[in-house]
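Have the viewer open and follow along point by point.

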Amino acid sequence: MRSKEASAGSMDRRKRKAWRWAAASSAIVLGFSGIGATASAQVGASAQAKGPAPMWFDRQNCEKDSAKSYNPKDEERNTIGTYALDLTETHKLTKGKKATIALIDTGIATNNNNLNPALTGASFGAGVDLTGGNNFRVDNDGHGTADASIIAAQPGKTRSFSGVAPEATIVPVKVANEEPQENADAAAIRAYKQSLAANLVKGISWAANNPSVDVIAIPIAGDSSASNDALKKATEDAISKGKVVVAAAGNSENRRGGSSSPSATSTSSASSSENMRYPAGYEGVIGVTAADSQGNVNESVVHSDAVKLVAPGQNMIVANGATGICLTSTQAPSTSYATAYVAGVAALVKARHPRESGRMITYRLLSSANRASAASSNKERGWGFVNPYGAVTMVDDGQIPGPTSPVIQRLKPVPTVGSKVPPEPHDPQGNGRKVGIIWAGAGVGLTVVLLILAAGRSRMALRPREADDDADNAKG
């Protein structure tokens with residue numbers, strides 16, 4: 001009895017702790033404020049002095065291969081997306097070890113002569129270069145290296161940040177080289193986008209067929225014209241093979257500073273159906289949008305049915321080329337960086353629950369997200385703000401409001417006609433607790449029966465003695 005009560009009490013404590021951290025994460029997200037003007041102005045002025053730059057990091061405050069290392073001031077820390085969610089408690093449970101992410105991007109600078117200090121010690125698997133360069137360890141753009149650092153940057157005493165899943169393994173899948181500059185001719189831009197679109201399909205297929213890959217991160221968004229049978233089939237195959245597919249839901253043309261997500265096509269569409277970005281828009285994909293510095297989803301990112309989760313995307317600290325660490329996306333959020341963040345969380349969950357399917361990992365991420373209305377999603381925020389601790393610790397009983405569990409069928413509520421008594425709040429631990437009560441009751445009942453039987457046997461044993469005593473008394 002005591003062990004069962006202690007177990008139930010432990011479950012209650014874990015549940016309360018999970019909700020406390022979920023609430024704390026939500027409070028931190030809602031508590032964002034604007035980035036310190038001094039740091040932005042200083043780095044921004046440096047970028048402007050050099051004139052038009054390649055479309056790298058939105059041309060916002062990061063210069064490829066800069067040796068500068070950004071370290072935030074104390075008053076800036078609560079405005080930086082990298083620190084939006086406290087991962088301390090989550091990292092006590094998992095840091096992503098044995099989980100593998102295929103990062104479909106511009107490659108990652110992981111060769112010995114060009115490894116950023118923030119990634120020294122990170123785990124990288126054998127990848128593939130689909131651009132014809134035969135070197136996935138070279139990143140001529142910087143975008144892939146930045147996304148990799150959001151996922152797996154290593155903690156350090158003098159370093160301003162560490163990755164979401166620092167012990168996860170990243171497999172570079174290089175599908176693009178450096179994006180053409182703004183003043184490039186139309187033919188060069190068109191050729192780049194066509195090559196990227198074709199390589200994207202190849203990259204997803206390669207990752208889908210790699211048995212070591214658990215999560216496929218795609219910080220790339222193409223509009224409705226990017227959707228085709230080949231891209232859809234590659235994405236569906238990846239999901240059917242148990243991969244968690246995470247993709248950028250897209251940046252809007254209304255954003256300031258250009259696009260940080262390599263785009264396979266134009267993104268100028270305005271109507272609702274054309275506003276979908278792919279592969280984020282396909283069924284089963286976790287389409288990710290980005291929050292601004294206040295934790296809000298504004299007009300700088302695309303609003304559509306493809307959006308399933310929100311993650312930090314503005315004022316992100318990232319590895320910058322060979323040696324630098326910089327603050328990027330200070331003017332507008334980037335769904336690329338938000339996608340990398342969610343991919344890292346998916347790796348944390350997979351590492352903690354290695355036997356669960358890709359669909360179940362996806363369900364954990366969506367159902368545990370912080371949102372105002374538990375049972376509904378919308379085009380701006382999807383199912384809500386990603387909640388790492390909640391995703392890792394969630395107990396699926398099939399009754400959590402929101403997405404449908406792929407494992408447990410949700411029970412239909414019994415109507416209470418005429419009742420004005422509000423239903424009890426959903427308790428994810430409820431089924432387990434009820435089973436415990438049933439077993440406890442059964443144990444009490446069995447104990448009572450045994451006591452009754454023992455008492456009966458005692459009476460039977462006493463009757464012969466009483467009979468003998470009566471005979472002795474009669475003789476006397």
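This is a predicted model: local features need pLDDT of at least 70, side-chain atom pairs count only at pLDDT 80 or more; totals for chains, interfaces and linings use all residues.

1. Now the overall picture. The protein has 476 residues, and 49% of them count as buried. You'll find 10 helices and 10 strands in it.

2. How do the contacts span the sequence? Take those between residues at least 6 apart in sequence: 78% of them join residues at least 24 apart.

3. Next, have a look at a pair of helices. Helix 7 covers residues 335-352 and helix 8 covers residues 358-367; they pack with their axes 10 Å apart, at an angle of about 120 degrees. The two are therefore oblique to each other, since an angle of 65 to 115 degrees would count as roughly perpendicular and one over 145 as roughly antiparallel. The crossing of helix 7 past helix 8 is right-handed.

4. Which residues make that contact? From helix 7 come Val-345, Ala-346, Val-349 and Lys-350, while helix 8 brings Ile-361, Arg-364 and Leu-365. Sorted by class, the contact of helix 7 with helix 8 has 5 nonpolar residues, 2 charged ones and no polar ones.

5. Then there's a peptide bond to check. Tyr-278 and Pro-279 are joined by a cis peptide bond, with omega at about 15 degrees. To find the spot, go to the loop between strand 6 (244-248) and strand 7 (286-291), where Pro-279 sits.

6. Two asparagines deserve a stop as well. Asn-134 is not a glycine, yet its phi is positive, at about 55 degrees. Look for Asn-134 in the loop that runs between strand 3 (128-129) and helix 4 (143-152). Asn-315 is not a glycine either, and has a positive phi of about 55 degrees. The loop holding Asn-315 is the one between strand 8 (307-312) and strand 9 (316-320).

7. Are these asparagines buried or exposed? This is where the cut-off comes in. Asn-134 has a relative accessibility of 71%, so Asn-134 counts as exposed. Asn-315 has a relative accessibility of 0%, which is under 20%, so Asn-315 counts as buried.

How values were computed
Residues are numbered from 1 along each chain as its sequence is written. Side-chain values use heavy atoms; hydrogens and water are left out. Helices (H or I, at least four residues) and strands (E, at least two) are DSSP runs, numbered from the N terminus. Buried means under 20% relative accessible area, exposed over 50%, partly exposed in between (1.4 Å probe, protein chains only). Contact means heavy atoms within 4.5 Å. Axes are lines fitted to C-alpha atoms, for helices over the stretch in contact, and angles run from 0 to 180 degrees between N-to-C directions. Angles under 35 degrees count as roughly parallel, over 145 as roughly antiparallel, 65 to 115 as roughly perpendicular and the rest as oblique. A crossing is left-handed if the near helix is turned anticlockwise from the far one by less than a right angle, and right-handed if clockwise. Ala, Val, Leu, Ile, Met, Phe, Trp, Tyr, Cys and Pro count as nonpolar, Asp, Glu, Lys and Arg as charged, and the others, Gly among them, as polar.
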